[in-house]
Amino acid sequence: MQITTTVNGVEHTDEVEPRLLLVHYVRENVGLTGTNIGCDTSSCGACTIHVNGESVKSCTMLAVQADGQELTTIEGLADGDVLHPMQEAFRQCHGLQCGYCTPGMVMAAVGLLDENPTPTEREVRLGLEGNLCRCTGYHNIVKAVLTCAAEQNGSTVEINA
Amino acid sequence: MTATEAPAAPFIGTRMVRREDAPLLTGEAKYTADLPIPGALHMAVLRSPFAHARISSIDTAPASVLDGVVAVYTGYDLQDLWANPMPSAWIVTEDMKNPPHYPLATGTVNYVGDGVAAVLARSDAQARDALEAIVVDYDPLPAVVDLEDALSDRVLVHEELGTNSAYTWELKVGEEALAAAFASAAFTVKERFVQQRLIAMAMEPRACAAVPQPFGGDMTLYSATQIPHILKVMASITLGTPEQQLRVVAPSVGGGFGSKLEVYAEELLCLALAAKHRVPVRWVEERTEGAQSTVQGRGQIQEIELAADSEGKLIGIRVNLTADMGGYQMLITAGVPLLGAFLYAGVYDLPEAYSFSCTGVYTTMTPTDAYRGAGRPEATYAIERAMDRLAQTTGIDPVELRRRNFIRPEQFPYTAFTGLVYDSGDHDGALTKALEMVGYDALRTEQQRRRSSGGTHHLGIGISSYFEMCGLAPSRVLASLNYSAGGWESATVRITPTNKVQVVSGATPHGQGHETSWSMIVADRLGVDPADVEVLHSDTALSPLGLDTYGSRSLAVGGVAISLALDKVLDKARTIAAHLMEAAEEDLEFDHGTFSVRGSPDHAVPLAAVAFEAFTAHNLPDGMEPNLEAQVTYDPPNFSWPFGTHICVVDVDEETGAVEVVKYVAVDDCGNQINPLIVEGQVHGGVIQGLAQALFEEAVYDADGNLTTSTLADYLVPAASDVPSITTGSTITPSPTNPLGVKGIGEAGTIGAAPAVINAIVDALAPLGVTDVTMPASPQTVWAAIAAARGGDR
């Protein structure tokens, strides 16, 4: 089947198998490998991207369902050489170690703040529960999201640390 | 405290943000599965659905005719490709039974997930589709999934061995004193603990790709591995490929936690089949197959007995372990439980009255091997749980009991009952700080208030004081344990013509931030900007000497090697500077990147000028080699002995068995800290992995040997919403055995956490008569423990 998508502002037209998952389309057809695959049960969230501005685990959609949609991947988040505020917050707060969950985690965190710009620590933890990280124990990820939210709201962060 | 973008020198001790992060945050970093490899064939592995069976026949013909399929191989087809069986580097006793096994099984399969055939196809999907067309006839044999059942030899996993016991390894110190201790003890406790099997579940599944250059004869293996250097040697031995024809590269690696400290069948298959087909062959693990075929951790039954005098002072310890090997020996399977053998007295001053025995047994489950802490979390769990039991038995407060038994600061360096020397420590200092941070006295008051008010939510406070024997390891100690490699690390420092610095390290990062930490050490010593330090690693062509990353060794061994290489390169630079300045070497001092004559700071030459002079070689002292470069291989004289105290506070609902971690305080002492931001990150992650063992995770096998927790939907890796924030603190007791004064930190959190959590739960439920809760302490388990303590009257 032929599909047309806009990925990070660039239009792509591809012939795809009906069974192709969106994550494989992004990685193999579009060639953007920043979106990682960490499981086969839609549990880990490593493949989270934005579809029309909403965060979605890209293993839960078929590529054909993305026909005509706007996709944003981790590669599309920074503004040129300037990291997105969420990426910068992860960097400042040491919210990543091996980096494998990071693209999905950052995309989910951006989506979380879009929906709730002033989350509590508990709301951040609940909002990210679909994204697994094995390195950080989440402490600094939560801190990064709260820091990013605070910076956007001009307030300060309180996390137990 | 916030992180620092570009702090001023000295950099060591600052919270510098990591240089590794930007590529990882933007998707630019390449993990093995991301590498574009034109023309690669995709491999898929057919895995046994039986835990234990004879293979009676395999028909690959239906698969081999499918679209895109290039070849299908069984173990029988490939038998001629292996020069040696899969490697086992730790034959712990001379009579250890280690049945040979190969990348694909022949004869029998010994766990669900054991590989029986491999498909090569044009695409990954075609390769996986073809697996379903392979027809294997199995003749099922009984499974062995219980360690005591395995010990009984009721069913033999490897019939030809005549037993399931692989080895019995003993460490006995002062047998008469031990017998006397137990005979005279005022108090004894005897506990049995089960260390459930765990799955590392690094977020990046395993992946590898072998890329041949058929006419040059060389082969490059890209792999999601912690150990490119060890893998190269082992692959060379297993395949019979001359070592100089192999290059191993670990691209970005998405976590390991010990599970990628391994030589895997898929790596060897990709190498062998790429050579055979003269094209690249790649493989990417699926999570479910990884749960079955990637090594698992823990898997022990522990019996520990403590003897104490009337004051609660330990006078003897006996330990008896049964350790689950799984179906085969992998790289260091047999040795993992023995890494704990030296730690069953924990941080306590035990006289020479100790007995440790471990029997490794084969079962029909996935092989075990290193998992974060490897032997040491198990040991710490046993002694710290047993200490709480001793506290209950003696009526001494658990804090006071620990204080009475701690090795005191003035006893360091302390020669332990095992003969090992503990470098430095202040256990009471770490405990006291943790007690203050958690607000111990107020918590005990609140606990008392709740107990007397008769509510159903119980407050529990659990303490765990630990030693992390790490920085693996002095080579001669490894020799005494029959480990078949050394424990050194290599570093090279080069100063380039434009005064930039290249550091080559044999340590192999997979999330630890080595590039940042190494650049900080170099920048301080040479007076350069950390951004001017290039760090080369994880590629045997760039960094030919190395023993890689595990056992919290990278800084304590690899970082020290860099420090020593810096000394060596500066010695040479000093000789050149003295020559240029026509001064005596001993009159020169080096500060902020400049050599000057002591007392006359204007008489100076910057390192940049020395570096350029060393490059042009126009005016060097007679006989001196050009260029500024130094290589050091550092063999540590001792392990490093980080320590600390963790305190966990829980709320347990007696109606439901639900445990909520209310507060977690970790006070860790890893000596001098290069980058506290990174140290805290290691503690956070480590603590949550230990807490996850205590509360959530278990690789569960049914009676037929099926892994029933083989997905991330069934195996409970905690999410952010399942775990608390961690309050970290540190004390700093430098190690006297290395010039940086550093110790490891990678495994500390995991070692400290599980006993702190379970001690807290048991403490909460003590008034109900609960004396132990098995891991993972799920609501059902806790509820059942409460019900059992009440005599099943619920």
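Visitor: How do you know that the radius of gyration of chain A agrees with a compact globule?

Guide: The radius is taken over C-alpha atoms, and the globule rule is 2.2 Å times the number of residues to the power 0.38. For 161 residues a compact globule would come near 15 Å; chain A has 16 Å, and therefore agrees. Its C-alpha trace spans about 50 × 30 × 25 Å along the principal axes. This is a predicted model, in which local features need pLDDT of at least 70 and side-chain atom pairs pLDDT 80 or more, while totals for chains, interfaces and linings use all residues. Residues are numbered from 1 along each chain as its sequence is written, with chains lettered from A and ligands numbered from 1 in the order in which they are written.

Visitor: What makes a residue of chain A count as buried, and what percentage does so?

Guide: A buried residue has 20 or more other C-beta atoms, placed from the backbone, within 10 Å of its own. By that criterion, 58% of the 161 residues of chain A count as buried.

Visitor: Which domains does chain B have?

Guide: An automatic or database domain assignment supplies the bounds. For chain B it gives domain 1 (32–141 + 205–253 + 260–293), domain 2 (296–472 + 638–789) and domain 3 (488–634).

Terms used. A residue is buried if 20 or more other C-beta atoms lie within 10 Å of its own, exposed if 12 or fewer, and partly exposed in between; C-beta atoms are placed from the backbone.
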